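Please look over the following model with attention to how its chains are built and how they meet. The briefing below groups the computed features by topic.

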There are 2 protein chains.
Amino acid sequence: MQQHLFDKQVYQQRRYELKKKVGNGLIILPGNKEAGINFRDNWYPFRQDSSFLYYFGIAEANLAGVIDIDADEEYIIGNELTIDDIVWTGPLATVREMAASVGIDKTKPMADLATLLKGRKPHYLPPYRSDQTLQLSALLGTDNDTVNAGFSVELIKAIVAQRSIKSVEEIMELHKACDITSAMHLEVMRSVRPGMKEYELVGIAKKVVADHHTHLSFPPILTKQGEVLHNHYHGNELHDGDLLLFDGGAESHSFYAGDMTRTYPVGKSFTSEQRDLYQVMYNAHRTAIEALAPGKRYRDIHLLASKTLVEGLTGLGIMKGDPDEAVAAGAHTMFFQCGLGHMMGLDVHDMENLGEQYVGYTDELQQSKEFGLKSLRLGRKLEPGFVITVEPGIYIIPSLIDQNQSQGKYLDFINYDKLAHFRNFGGMRVEDDFAITDSGYQLLGTPLANSVEAIEDIRKSAY
Amino acid sequence: MQQHLFDKQVYQQRRYELKKKVGNGLIILPGNKEAGINFRDNWYPFRQDSSFLYYFGIAEANLAGVIDIDADEEYIIGNELTIDDIVWTGPLATVREMAASVGIDKTKPMADLATLLKGRKPHYLPPYRSDQTLQLSALLGTDNDTVNAGFSVELIKAIVAQRSIKSVEEIMELHKACDITSAMHLEVMRSVRPGMKEYELVGIAKKVVADHHTHLSFPPILTKQGEVLHNHYHGNELHDGDLLLFDGGAESHSFYAGDMTRTYPVGKSFTSEQRDLYQVMYNAHRTAIEALAPGKRYRDIHLLASKTLVEGLTGLGIMKGDPDEAVAAGAHTMFFQCGLGHMMGLDVHDMENLGEQYVGYTDELQQSKEFGLKSLRLGRKLEPGFVITVEPGIYIIPSLIDQNQSQGKYLDFINYDKLAHFRNFGGMRVEDDFAITDSGYQLLGTPLANSVEAIEDIRKSAY
């Protein structure tokens with residue numbers, strides 16, 4: 001059994017606060033089940049649901065947590081192993097023992113869960129795995145669409161309020177995740193050689209996290225085609241002159257995520273074109289980081305970084321006109337199509353399954369529907385205890401240029417002739433992770449080279 | 001886009017034969033969807049459904065294949081990318097292009113699938129991912145239980161008949177998967193040192209498969225507690241005197257699986273106790289391999305291997321009495337609780353999602369319900385073109401000994417006093433992969449040390 005992280009008092013306190021916030025009714029938080037790859041018993045690596053981890057701390061499959069606020073009772077639901085099971089799994093802690101370790105003394109087998117819910121209208125989170133829909137549909141005796149639509153907004157809001165503010169102990173766990181993440185990035189940055197394939201570097205990254213007895217917190221992006229935002233192809237050969245973008249993170253032993261990105265030359269140094277654009281992006285990164293503070297809207301920091309990008313691109317002659325007007329018109333989305341960052345915690349996009357609107361926005365500040373801003377996952381005011389990423393980028397996407405140019409878009413702000421020279425430039429991103437403090441911000445993880453000079457120092461000493 | 005393996009004529013021929021076998025009606029084979037880990041868009045590595053791969057060859061997510069036998073029409077169902085998608089994924093082949101590449105000229109968007117199925121009672125396979133149940137439930141307008149029970153036995157039998165017999169080209173792909181698998185095992189076998197942690201060796205295995213631009217075909221078992229049959233814990237430190245069991249396989253680029261197991265000393269040589277038991281298992285392995293031939297029931301080969309184990313254990317004084325009677329009484333299941341092997345192909349347990357009874361047994365030969373034999377996945381007569389594993393083992397499971405002894409079981413066949421000396425011995429397994437030929441069998445993959453002497457040669461030269 002994977003040890004849970006905190007003393008049982010921590011989980012008891014978290015549940016106590018959740019009960020207070022939700023007020024009444026019954027809460028069910030299904031733990032995750034094993035998930036089959038190409039048949040039921042060929043399992044993907046098990047990952048517990050993060051809200052289950054937060055309130056119940058147990059990283060075993062096929063459990064559910066129930067909090068009956070009205071009766072003031074808490075249950076761990078799960079089946080004890082039979083001798084047949086033990087032949088396959090070895091002896092494990094009993095459900096009763098696991099429950100006790102997080103301060104719960106009531107357990108029931110899975111078959112009794114329906115009885116426990118009978119006549120109740122439970123609070124549950126939006127299902128994000130199909131088996132959650134199937135389970136709730138069977139338990140509640142209703143159809144899949146009704147289950148998927150019937151989640152509890154009160155529960156979402158209560159959980160977002162708790163999980164958004166990381167305790168010092170949680171921040172230390174995120175720091176550990178970022179330490180492993182930083183070590184992994186440094187190893188890859190030192191290992192790149194012209195002639196290597198992208199997948200060999202993925203192997204090096206996986207080896208580093210395996211040596212830390214953990215794994216990646218999300219499918220890695222490791223590509224010389226950095227302009228493809230979610231590129232999971234790793235078959236390209238790397239050449240001197242190419243830029244490599246690596247966006248990868250490790251999970252801590254306690255299931256907290258790290259998430260960093262670096263972009264660097266496959267050879268020993270940037271070309272002058274690469275250096276110019278990198279410096280523009282680096283300035284946006286620095287500007288955004290320096291603006292981090294409690295009370296600041298992250299949407300405003302996103303727009304500030306966008307403006308810094310526009311100013312830099314204007315300096316290079318790729319953009320033109322007034323930077324404020326360019327950002328207001330959305331012209332920066334030709335190069336920066338996504339958001340500046342997101343919450344990070346037990347999930348790399350923390351609580352994304354609860355809904356971006358609830359996690360990153362408020363009733364007063366709604367998530368935008370515009371291209372660009374709609375991809376900003378976090379817009380609301382920063383608070384002490386938030387952990388976030390800052391990840392500006394410059395992505396030159398030929399099909400997007402063609403579409404915008406053919407529609408005559410952004411003619412006042414884009415020098416299409418100049419941009420044509422950069423058409424096959426690719427893409428770059430730099431990403432670090434921060435905790436928001438009472439007075440400002442704290443970088444998480446061992447600092448890793450991200451300026452042109454520091455990166456070139458590493459690349460020049462690499463081989 | 002991952003290239004499919006064969007010329008379109010191969011897929012056309014496979015579908016032609018499937019249509020002939022099933023005879024009439026409409027077949028739907030849903031391709032797999034992306035599967036979320038801890039939120040919907042944090043994806044596990046994508047793996048296409050194997051039957052979809054077999055008949056349609058396309059390794060992209062969110063497609064479905066439809067074969068309308070009555071109208072003699074074939075469709076690939078899927079949505080074309082929008083410019084918004086392309087920003088995230090880069091340009092990809094269109095659904096129309098992918099369909100054409102496997103000989104299909106009709107495509108439809110996903111929204112039209114319900115219309116295509118309207119009024120039909122389609123043949124489909126048993127759902128093994130919950131999203132398949134949800135999708136079929138929505139398409140057919142029925143509840144989840146009805147969907148899960150409504151699979152087509154005719155379709156299962158037709159697909160099992162085709163996929164069981166591997167073509168020469170498929171056997172060559174399985175050979176490649178086993179080659180990578182063998183290289184991975186050799187690297188781990190050479191790398192083990194006293195003081196290492198199991199997870200460091202998992203990292204080495206992952207690095208080898210990553211260097212081949214592929215990945216593991218199933219979650220690896222790499223443990224010094226080999227008696228735990230499905231042990232996915234990798235946190236132990238390895239010491240001189242321990243045995244390490246590694247059961248792992250690589251996938252070929254064409255999605256065929258390899259699956260091998262080796263057990264060897266963490267130090268340079270076996271202890272005399274380990275050597276004795278290893279030799280017993282090795283003899284069972286050799287005996288089983290030499291018995292492989294078309295027309296032989298695999299159930300009989302399983303029982304032959306079991307008898308060889310019993311003879312060896314009797315020679316060591318752990319068992320007693322007549323070996324045939326011991327096997328008939330099931331006494332060997334104290335040490336060998338599982339099956340001798342299984343089919344292998346596009347799935348490591350090939351077609352397990354279609355049902356073991358249909359894949360490994362026949363209407364005449366039903367799968368046993370007895371402890372031990374019920375875990376034998378393959379019982380029926382071997383045929384040329386089958387690809388199978390042979391994997392005997394000896395597993396000393398304290399809780400099973402305690403249960404059997406307290407119930408007075410197998411008193412005529414087990415020397416419980418002698419066995420008590422081996423109580424904490426652990427477990428061992430040896431596994432290789434074979435194609436059944438017209439005249440016998442063919443080992444797949446580069447041969448890898450599996451005798452006591454050959455293993456010790458590698459371990460002694462390792463450090």
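Among contacts in chain A between residues at least 6 apart in sequence, 73% join residues that are at least 24 apart, where two residues are in contact if their C-beta atoms, placed from the backbone, lie within 7 Å. This is a predicted model, in which local features need pLDDT of at least 70 and side-chain atom pairs count only at pLDDT 80 or more, while totals for chains, interfaces and linings use all residues. Residues are numbered from 1 along each chain as its sequence is written, and chains are lettered from A and ligands numbered from 1 in the order in which they are written.

**Overall build of chain A**

- Chain A has 17 helices and twelve strands, counted as DSSP runs numbered from the N terminus (helices H or I, at least four residues; strands E, at least two).
- The radius of gyration of chain A, 24 Å, is close to the 23 Å that the globule rule gives for 463 residues, so chain A is as compact as a globular protein of that length; the radius is taken over C-alpha atoms, and the rule is 2.2 Å times the number of residues to the power 0.38.
- The C-alpha trace of chain A spans about 70 × 50 × 45 Å along its principal axes.
- Of the 463 residues in chain A, 50% are buried, a residue being buried if 20 or more other C-beta atoms lie within 10 Å of its own, exposed if 12 or fewer, and partly exposed in between, with C-beta atoms placed from the backbone.

**Domains of chain A**

- Chain A is divided into domain 1 (8–164) and domain 2 (168–460), with bounds that come from an automatic or database domain assignment.
- The centres of domain 1 and domain 2 of chain A, taken over C-alpha atoms, are separated by 34 Å.
- Contact between these domains involves 14 residues of domain 1 of chain A and 14 residues of domain 2 of chain A; on the domain 1 side, α8(A) gives the most, with six residues.
- By class, that side of domain 1 of chain A has nine nonpolar, three polar and two charged residues, where Ala, Val, Leu, Ile, Met, Phe, Trp, Tyr, Cys and Pro count as nonpolar, Asp, Glu, Lys and Arg as charged, and the others, Gly among them, as polar.

**A buried glycine**

- A:G31 lies in the loop between β1 (26–30) and α2 of chain A, and A:G31 is buried, with 22 other C-beta atoms within 10 Å.
- Leaving aside neighbours within four places in sequence, the contacts of A:G31 include A:Q48, A:F52 and A:L63; the C-alpha atoms of A:G31 and A:L63 are separated by 5.1 Å, although the two residues are 32 apart along the chain.

**Pairing of the two chains**

- In the contact between the chains, 57 residues of chain A meet 57 residues of chain B, and α10(A) gives the most to the side of chain A that touches chain B, with eight residues.
- By class, this side of chain A has 23 nonpolar, 21 polar and 13 charged residues.
- Chain A can be laid on chain B with an RMSD of 0.0 Å by a turn of 180° and a shift of 0.0 Å along the axis, so the two copies are related as by a two-fold rotation axis; the superposition is by least squares on the C-alpha atoms of residues with pLDDT of at least 70 in both.
- In chain A, the C-alpha nearest the axis is that of A:S130, 2.6 Å from it.
- The copies meet through the same surface, because 100% of the interface residues of chain A are also interface residues in chain B.
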